Amino acid sequence: MRVEDGERTTPIAQAALVLGITGADDPLAGGLLLALDPATAKRAGAAPSRGYAVLLRPD
């Protein structure tokens, strides 16, 4: 989900395949490489004053 100004969030995708994990030893610098279609990837891009969050839920 993309974090908008304030506390509002915008869902980006319901599910995504995890292709890779970077910086697993540092949670502040680590990241997930997700397989998203082009339209979803464009919506996921964070503007400079905004951020994003990933919620992980087991099936």
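Here are some questions and answers about the predicted model shown above.

Reader: What should I know about the numbering and the cut-offs before I start?
Author: Residues are numbered from 1 along each chain as its sequence is written. This is a predicted model, so local features need pLDDT of at least 70, side-chain atom pairs count only at pLDDT 80 or more, totals for chains, interfaces and linings use all residues, and side-chain values use heavy atoms, with hydrogens and water left out.

Reader: In which strand is confidence highest in the protein chain?
Author: Confidence here is pLDDT, the predictor's own score for each residue, from 0 to 100. The chain has a mean of 78, and 85% of its residues reach 70 or more. Confidence is lowest in strand β5 (residues 51-52), with a mean of 70, while the highest mean, 88, belongs to β3.

Reader: What pattern does the protein chain follow along the sequence?
Author: Helices (H or I, at least four residues) and strands (E, at least two) are DSSP runs, numbered from the N terminus. The chain has one helix and five strands. Read along the sequence, they give β-β-β-β-α-β.

Reader: Is Thr40 buried or exposed?
Author: Thr40 sits in helix α1 (residues 38-44). Buried means under 20% relative accessible area, exposed over 50%, and partly exposed in between (1.4 Å probe, protein chains only). Because its relative accessible area is 8%, Thr40 counts as buried.

Reader: Which residues is Ala13 in contact with, leaving aside its neighbours within four places in sequence?
Author: Ala13 is in the loop between β2 (9-10) and β3 (17-22), and at 40% relative accessible area it is partly exposed. Its C-alpha atom is 8.3 Å from that of Leu36, 23 residues away along the chain. Counting contact as heavy atoms within 4.5 Å, and with those neighbours set aside, the partners of Ala13 are Leu36 and Thr40.

Reader: How far apart in space are Gly51 and Met1, C-alpha to C-alpha?
Author: Gly51 lies in strand β5 and is partly exposed, at 25% relative accessibility. Gly51 and Met1 are 50 residues apart in sequence, and their C-alpha separation is 8.9 Å.

Reader: How much of the protein chain is buried?
Author: The chain has an accessible surface of about 5000 Å² (Shrake-Rupley method with a 1.4 Å probe; for residues, only the protein chains shown count as cover). Carbon and sulfur atoms hold 58% of that surface. Of the 59 residues, the buried share is 7%.
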